[in-house]
Every structure is written in C-alpha cells, then in structure tokens.
Amino acid sequence: MIGPIVNSSATLVGGIVGGLLGDRLSEKFRTQLPLTFGAASMGMGIAMIVKMNTLPAVIASLLFGAIIGEVLSLEKNIGRAASKVRGVIDALVPRKEGISQDEFLDKFVGILVLFVASGTGIFGAMSEGITGDPTILFAKSLLDLFTAGIFATALGLSVATIAIPQIIVQLILLFLGQSIMAMTTPQLVGDFSALGGIIMFVTGFRICGIKSFPVANLLPGLFIVMPISHYWGSAIMPWVISLTG
C-alpha cells in the first residue's frame, strides 16, 4: 500500500505548503510549471505504451471503454459527486480571500477530479495491486506535490483536504488489483499497462490545457482490457491462424 500512502502524503504536503505560500509565487511560475507536469505525464504514458503485447485488443478495449464511459457519463457524474462534497470542504477549510464562491467551487471541483479520478492515479493504483510495483504512483506523487502546491497558492489550504478521498479511492483500486493478480499473465499485464499508458498520455493534454480530454470516460477500458486480451489470444488468433493456414 506504499504507493497510495506516498501519493496522498505528497498531495497533503503540497497543499499545505502552497496554501501557506499564497501569492508569493509569480503568476508566470504558476502558469508555466503545469506545462512541464503535462509533458511528464505524456512521457510516462509513452513508457507504458511500449509494453503492449496485443495491439487489436488494446485498441478494442479503448474504444469499448470510451463507449461505456460516454453512455454512463462518467466524467459528468464524477464532477457532480465532487460538487456535492464542496459544502463539507467549505465548512472545514474556508476559501481563500479574494476569490469568489463560484470561482472557488469551479476550480476546486476540477482539481478534485484531476487528483482523485485521473487516469494516472487509477491505473497506478490498480497496477501496484496487480504487479506490486508502486513506480507509477511514485512518479505521480512527485507531480502531485508540485501541482497541489501550485493550485493551493490560488485556492488556499482546502487543496490539502483532497488527500483524503485520494487515498480512499486508490486503496480500493489497489485491493481490487490484488484480487485479480493470480489470474494475470505477463502478456495481459503488458496490455493493461499499454492502455493505462494511453490514458496517461491524453491526461497530459488536459494538464497542459491543450485539450480538456474526457479522461474519466476512458477508464472502463482498464477493467475490460485483460478479458479482451485473453479472449483475443485464446480464441480469435487461433481461429484466424486456422483460416489462413
């Protein structure tokens, strides 16, 4: 469980330090640094994509996962759920002076989704449960430390409270990954990693502000990529070989 603990601790520390720093950081620093965070997310994604074993299965999982996410409106529903807890956050940690209530809530809901329901965090937690490797969450922790600090300079100490739902969600996903670990193979894990890498790559576009990609709508793909990859290798490919042979 080291990954979720380190990641949520980084968010907590970053939120506290950023909240205490306030406006001491320049506006240029606060706007330019997230571009580097986005580039790092893209780089991490590429490193995971190269582990792909079965391209058709990964692409099919991405497409079907996106369809499921769109039908269920995951992105919107996660945003609504985050909006419901904002009253609790307001009660615990008053918003920073100089920012309107609506502006504060809009930004807070956005970063709550980014930290708690990002493709990198969900994939990283499940990956640690399946493989025991917390590397992805360690890398995300470094990004979240600085990202939380940047956001907290504008929103105050309320950003630090995001560490609570973050560790809860990641622990649930880690235990889910552990429950299916015995049924996996290196090939299935490779395809799972590749799909997670694609999600991490497009998350970089969102962090950079290039495109507000509906990352949450792609997340169902992580739950179906292994079954599809297994079926592709055990049923479809032998059938194709028999036809061409």
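T147 counts as buried, at 11% relative accessibility; buried means under 20% relative accessible area, exposed over 50%, and partly exposed in between, with a 1.4 Å probe and protein chains only. This residue is found in helix α8. Helices here are DSSP runs of H or I with at least four residues, strands are runs of E with at least two, and both are numbered from the N terminus. When residues up to four places away in sequence are not counted, T147 touches F37 and F115; a contact means heavy atoms within 4.5 Å. T147 and L33 are 114 residues apart in sequence, and their C-alpha atoms are 8.5 Å apart in space.

The structure is a predicted model, in which local features need pLDDT of at least 70 and side-chain atom pairs count only at pLDDT 80 or more, while totals for chains, interfaces and linings use all residues. Residues are numbered from 1 along each chain as its sequence is written, and side-chain values use heavy atoms, with hydrogens and water left out.

**The chain as a whole**

The secondary structure comes to 11 helices and 0 strands. From the N terminus on, the elements therefore read α-α-α-α-α-α-α-α-α-α-α. Of the 245 residues in the chain, 45% are buried. Among contacts with a separation of 6 or more, 87% are between residues 24 or more positions apart. The chain exposes about 11,900 Å², and carbon and sulfur atoms supply 72% of this area; accessible areas come from the Shrake-Rupley method with a 1.4 Å probe, and for residues only the protein chains shown count as cover.

**How pairs of helices pack**

Axes are lines fitted to C-alpha atoms, for helices over the stretch in contact, and angles run from 0 to 180 degrees between N-to-C directions.

| Helix pair | Angle | Distance between axes |
|---|---|---|
| α1 (residues 2–21) and α9 (residues 163–180) | about 165° | 9 Å |
| α1 and α8 (residues 135–155) | about 20° | 7 Å |
| α3 and α10 (residues 186–208) | about 50° | 10 Å |

Angles under 35 degrees count as roughly parallel, over 145 as roughly antiparallel, 65 to 115 as roughly perpendicular, and the rest as oblique. Helix α1 is therefore roughly parallel to α8. The crossing of α1 and α8 is right-handed; a crossing is right-handed if the near helix is turned clockwise from the far one by less than a right angle, and left-handed if anticlockwise. The residues of α1 in this contact include I2, P4, V6, A10 and V13, and those of α8 include L137, F138, L145 and A148. The contact of α1 with α8 divides into 10 nonpolar, 10 polar and 2 charged residues. In this classification, Ala, Val, Leu, Ile, Met, Phe, Trp, Tyr, Cys and Pro count as nonpolar, Asp, Glu, Lys and Arg as charged, and the others, Gly among them, as polar.

Helix α1 also packs with α9, and these two helices are roughly antiparallel to each other. Helix α1 passes α9 in a right-handed crossing. On the α1 side the contact is made by G3, P4, I5, N7, S8, T11 and L12, which meet A163, Q166, I167, Q170, L171 and L174 in α9. The residues of this contact comprise 7 nonpolar, 6 polar and no charged.

Helix α3 is oblique to α10, and the crossing of α3 and α10 is right-handed. V58, S61 and L62 in α3 meet D191, A194, L195 and I198 in α10. By class, the contact of α3 with α10 has 5 nonpolar, 1 polar and 1 charged residues.

**Residues around helix α3**

T54 lies in the loop between α2 (27–49) and α3. With a relative accessibility of 12%, T54 counts as buried. Not counting residues up to four places away in sequence, T54 touches D191, S229 and W232.

L72 belongs to helix α3 (residues 55–72). This leucine counts as partly exposed because its relative accessibility is 47%. L72 and N217 are 145 residues apart along the chain, yet their C-alpha atoms are separated by 8.3 Å.

S73 is found in the loop between α3 and α4 (74–84). A relative accessible area of 28% makes S73 partly exposed. Most residues other than glycine have a negative phi.
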